[in-house]
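Here is a short briefing on one structure. The points are grouped by topic.

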Amino acid sequence: MKLEKKDVLFVIAVSAVYCSLAAGFSLVSTVLPDKTVLTNPIAHGSLNLREIIGHFAWGVVAAIVTLRVRYILLGGFLAVLIDADHLIGLLHVEGIQRMGHSITFAVISVVVLMIVFRKNDYRLGVIVGTSILTHISYDIFSTESGFPILTPFVNKIIEFPREDWIIFEIAAIAIIGIVSVLVTKKESISSTFVR
Ligand SMILES: [Zn+2]
């Protein structure tokens with residue numbers, strides 16, 4: 001496992017697109033029903049160092065099963081960057097808190113990132129899609145327990161008991177593991193064909 005310059009560029013580019021997407025997606029909430037006054041993320045203290053390190057660690061741990069440095073780093077960065085959906089709180093508008101913490105965002109981000117980067121990069125797809133799981137896992141573990149999982153269809157905040165954090169993390173590891181094994185198998189089959 002080594003980190004080359006192209007991996008660094010890839011991680012930065014994917015992170016930048018993902019971060020803008022999370023911030024952009026949260027703007028959708030300004031036109032949804034059930035919106036409320038958003039809290040300022042800085043005043044609320046939701047962007048502190050402990051949170052960032054925690055989210056990064058949870059993401060990295062799940063992504064280790066890919067055995068590829070670029071995806072392991074992305075696992076960490078994307079799990080942190082979902083919280084870009086808090087930035088809307090700086091705009092003093094009404095909306096829904098934590099829009100990125102939803103299934104819809106997971107689906108949209110997988111589709112967009114795979115179109116923007118490589119359509120057949122399934123490892124990227126699975127890291128993007130499961131970032132919401134590792135992120136929510138740490139959120140539940142540390143402080144937050146309610147998320148608009150089904151937004152924009154149902155805008156109710158769904159609460160999870162604290163012990164559920166392990167279920168989210170294990171689900172992420174399992175999904176990333178299965179996809180990685182399948183992709184590695186497919187690659188080894190096609191490389192024997194080339195030979
Ligand atoms: Zn969060």
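Predicted model: local features only at pLDDT ≥ 70, side-chain atom pairs only at ≥ 80, totals over all residues.

Proline 152 sits in the loop between strand 3 and strand 4. Residues are numbered from 1 along each chain as its sequence is written, and side-chain values use heavy atoms, with hydrogens and water left out.

**Terms for location and exposure**

- Helices (H or I, at least four residues) and strands (E, at least two) are DSSP runs, numbered from the N terminus.
- Buried means under 20% relative accessible area, exposed means over 50%, and partly exposed lies in between (1.4 Å probe, protein chains only).

**Backbone and surface**

- Leucine 150 belongs to the loop between strand 3 (146–147) and strand 4 (158–159).
- Leucine 150 counts as partly exposed because its relative accessibility is 37%.
- Leucine 150 is also one of the residues in a nonpolar surface patch of about 670 Å², made with Ile103, Val107, Val111, Ile115, Phe153 and Val154.
- Patches take residues with over 30% relative accessible area and no salt bridge; like charges are joined within 9 Å, and nonpolar side chains (Val, Leu, Ile, Met, Phe, Trp, Tyr) within 5 Å.
- The accessible areas come from the Shrake-Rupley method with a 1.4 Å probe, and for residues only the protein chains shown count as cover.
- Isoleucine 115, a patch member, is found in helix 5 (residues 103–116).
- Isoleucine 115 counts as exposed because its relative accessibility is 53%.
- From isoleucine 115 to glycine 125, 10 residues along the chain, the C-alpha separation is 10.0 Å.
- Leucine 67 has a phi near 60°, a positive value in a residue other than glycine.
- The loop between helix 3 (49–63) and helix 4 (69–81) holds leucine 67.
- With a relative accessible area of 55%, leucine 67 is exposed.

**Zinc site**

- Asp83 (OD), His101 (NE2), His135 (NE2) and Asp139 (OD) coordinate the zinc ion at 2.1 to 2.7 Å.
- Donors are N, O and S atoms within 2.8 Å of the metal (3.2 Å for Na, K and Ca); water is not among the atoms, so sites may look incomplete.
- Along the chain, the zinc donors follow the spacing D-x17-H-x33-H-x3-D.
- The arrangement is irregular because the four donor atoms subtend angles of 81 to 170° around the zinc ion.
- Four donors count as tetrahedral if all angles lie between 85 and 135 degrees; four count as square planar and six as octahedral if opposite donors are over 155 degrees apart and all others between 65 and 115; anything else is irregular.
- Histidine 135 and aspartate 139 are both in helix 6 (residues 122–142), four residues apart, about one turn of the helix.
- Both histidine 135 and aspartate 139 are buried.

**Elsewhere in helix 6**

- Helix 6 also contains serine 137, which is buried at a relative accessible area of 0%.
- A polar atom of the serine 137 side chain lies 2.8 Å from the backbone oxygen of tryptophan 165.
- Isoleucine 132 is in helix 6 too, and counts as buried at 8% relative accessibility.

**Salt bridges**

- A salt bridge is a side-chain nitrogen of Lys or Arg within 4 Å of a carboxyl oxygen of Asp or Glu, and the count by this rule is five.
- Arginine 70 pairs with aspartate 7 in a salt bridge (2.7 Å, N to O).
- Arginine 70 lies in helix 4 and aspartate 7 in helix 1 (residues 5–27), so this pair ties together parts 63 residues apart in sequence.
- Arginine 70 and aspartate 7 are both buried.
- Glutamate 187 forms a salt bridge with arginine 68, with the closest N and O atoms 3.6 Å apart.
- Glutamate 187 is in helix 7 (residues 165–194) and arginine 68 in the loop between helix 3 and helix 4, so the pair ties together parts 119 residues apart in sequence.
- Glutamate 187 is partly exposed at 36% relative accessibility, and arginine 68 is partly exposed at 31%.
- Salt bridges that share partners join Lys2, Glu4 and Lys6 into one network.
- Within it, glutamate 4 meets lysine 2 in a salt bridge (3.6 Å, N to O).

Key
Polar contact = N/O pair within 3.5 Å; in protein donor to acceptor, adjacent residues only side chain to side chain.
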